[in-house]
Amino acid sequence: MHWMDCMATKKHSCSRSMPWWSKETVAVVTGANKGIGFALVRRLAELGLTVVLTARDGRKGMEAVELLRREGLSVAFCRLDISDPPSIAVFVSWLRKEFGGLDILVNNAAVSFNEIDSNSVDHAETVIQTNFFGPKLLIEALLPLFRRSTATSRILNVSSQLGLLNKVRNSALRELLQDEEKLSEDKIKQMVLQFLSQVKDGTWKEEGWPKVWTDYAVSKLALNAYSRWLAKQQEGRGLSVNCFCPGFTRTAMTRGQGSRTADEAAEVGAMLALLPLDKLPTGKFFKWSTPILYSKL
Ligand code: NDP
């Protein structure tokens with residue numbers, strides 16, 4: 001059985017081409033009390049990994065864990081609010097103590113305050129803090145804990161095609177983000193701070209930012225750019241960094257609208273997080289299961 005077929009079965013029992021992961025493989029998923037994150041935890045646990053379900057609300061997190069336990073799945077739980085640096089610090093020391101490290105991080109947690117057909121930037125600061133600075137701070141804190149040895153460790157950032165470069169109408173900004181050599185962590189940070197300052201003084205509409213769900217799109221634009229930058233930094237160091245857009249999925253974020261279920265999105269997300277070493281890229285944006293090279297957009 002091929003490894004892809006292994007993934008299609010609930011519990012893998014493959015005689016040939018065994019999956020690279022095992023119960024020793026530790027995967028952490030953020031924002032996993034509901035939606036795509038919850039479905040991802042379930043899928044990874046079904047496939048036999050040790051999975052840490054995290055949620056910012058302890059009660060909601062434990063309820064999600066209980067739900068999985070009733071399905072016969074055992075997952076670990078720790079509270080984690082990615083927009084709160086002390087919460088990240090507590091989580092990281094808990095993870096170190098409980099598991100000694102990790103192999104897979106799925107940065108799934110995010111917020112959006114937009115309705116499907118509206119475009120408000122009233123919560124821009126929270127959106128940027130949660131969707132960009134949150135994953136970035138968590139990654140920085142977890143970098144020393146990735147095992148990198150048995151198989152390449154992986155970061156999968158759940159992102160959105162709303163934050164692709166082709167949505168940016170400001171040509172100077174697009175050039176900055178496309179310049180592989182000059183792009184830096186600091187330039188990405190400056191970009192989001194500039195956006196927030198334009199939101200404050202009311203000039204953001206004229207500046208060529210993405211038109212749809214602008215604050216959310218800017219947060220994902222920054223996450224995509226940071227992922228690509230980080231992938232380059234980590235090249236040859238046993239850590240791959242990719243982004244995944246699940247497409248329009250029926251969750252709380254879309255008020256239940258969408259063309260697919262969270263389980264369907266999680267099936268593809270888990271497949272990408274578990275790509276075998278010879279098929280594992282880095283610095284890619286996966287639109288569903290198709291890898292796109294940012295710089296060609
Ligand atoms: P949901 O709103 O259903 O789930 C979001 C999850 O993130 C919730 O568990 C939420 O917790 C959690 N969360 C929010 N803020 C924080 C925080 N500060 N710390 C920890 N957890 C937090 O959305 P989806 O499942 O749809 O979204 C999952 C990912 O998929 C997101 O990254 C989203 O941007 C992306 N995506 C979704 C699409 C879609 O169509 N649904 C399309 C493209 C991308 P709580 O319950 O406490 O609010």
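User: How much space lies in the largest pocket?

Analyst: Happy to start there, and please keep in mind that this is a predicted model. Rolling a probe the size of a water molecule over the atoms shows where empty space is left. For the largest pocket, that space comes to about 1000 Å³.

User: Which residues that line the largest pocket are the closest to its centre?

Analyst: The lining of this pocket is made up of 42 residues. By class, they are 19 nonpolar, 16 polar and seven charged. The closest to the centre are Ala110, Val111, Ser112, Thr251 and Met253.

User: Which element gives the most to the lining of the largest pocket?

Analyst: Two or more lining residues come from each of helix 2 and helix 8. The element that gives the most, with three residues, is helix 2.

User: How far is a polar side-chain atom of Tyr216 from an oxygen atom of the ligand?

Analyst: Let's begin with the backbone. A polar backbone atom of Gly31 is 3.1 Å from a ligand oxygen, and one of Ile36 is 2.9 Å from a ligand oxygen. For the polar side-chain atom of Tyr216, the distance to a ligand oxygen is 2.5 Å.

User: How much of the accessible area of the ligand does the protein cover?

Analyst: On its own, the ligand has 900 Å² of accessible area. The share of this that the protein covers is 94%.

User: Which element gives the most to the lining of the second largest cavity?

Analyst: This cavity has a volume of about 40 Å³, and its lining includes Arg154, Ile155, Leu156, Ser240 and Asn242. Two or more lining residues come from each of strand 5 (153-158), strand 6 (239-245) and helix 9 (262-273). By class, the lining has seven nonpolar, two polar and one charged. With three residues, the element that gives the most is strand 5.

Notes:
Residues are numbered from 1 along each chain as its sequence is written. This is a predicted model: local features need pLDDT of at least 70, side-chain atom pairs count only at pLDDT 80 or more; totals for chains, interfaces and linings use all residues. Side-chain values use heavy atoms; hydrogens and water are left out. A polar contact is a pair of N or O atoms within 3.5 Å; within protein, one must be able to donate a hydrogen and the other to accept it, and residues adjacent in sequence count only if both atoms are side-chain atoms. Accessible areas come from the Shrake-Rupley method with a 1.4 Å probe; for residues, only the protein chains shown count as cover. On a 1 Å grid over the protein atoms alone, a cavity is a set of points where a 1.4 Å probe fits but cannot get out, and a pocket is an open set with protein on both sides within 12 Å along at least five of seven lines; lining residues have an atom within 4 Å of a point. Grid points are joined across faces, edges and corners, and a volume is the space filled by probe spheres set on the points. Helices (H or I, at least four residues) and strands (E, at least two) are DSSP runs, numbered from the N terminus. Ala, Val, Leu, Ile, Met, Phe, Trp, Tyr, Cys and Pro count as nonpolar, Asp, Glu, Lys and Arg as charged, and the others, Gly among them, as polar.
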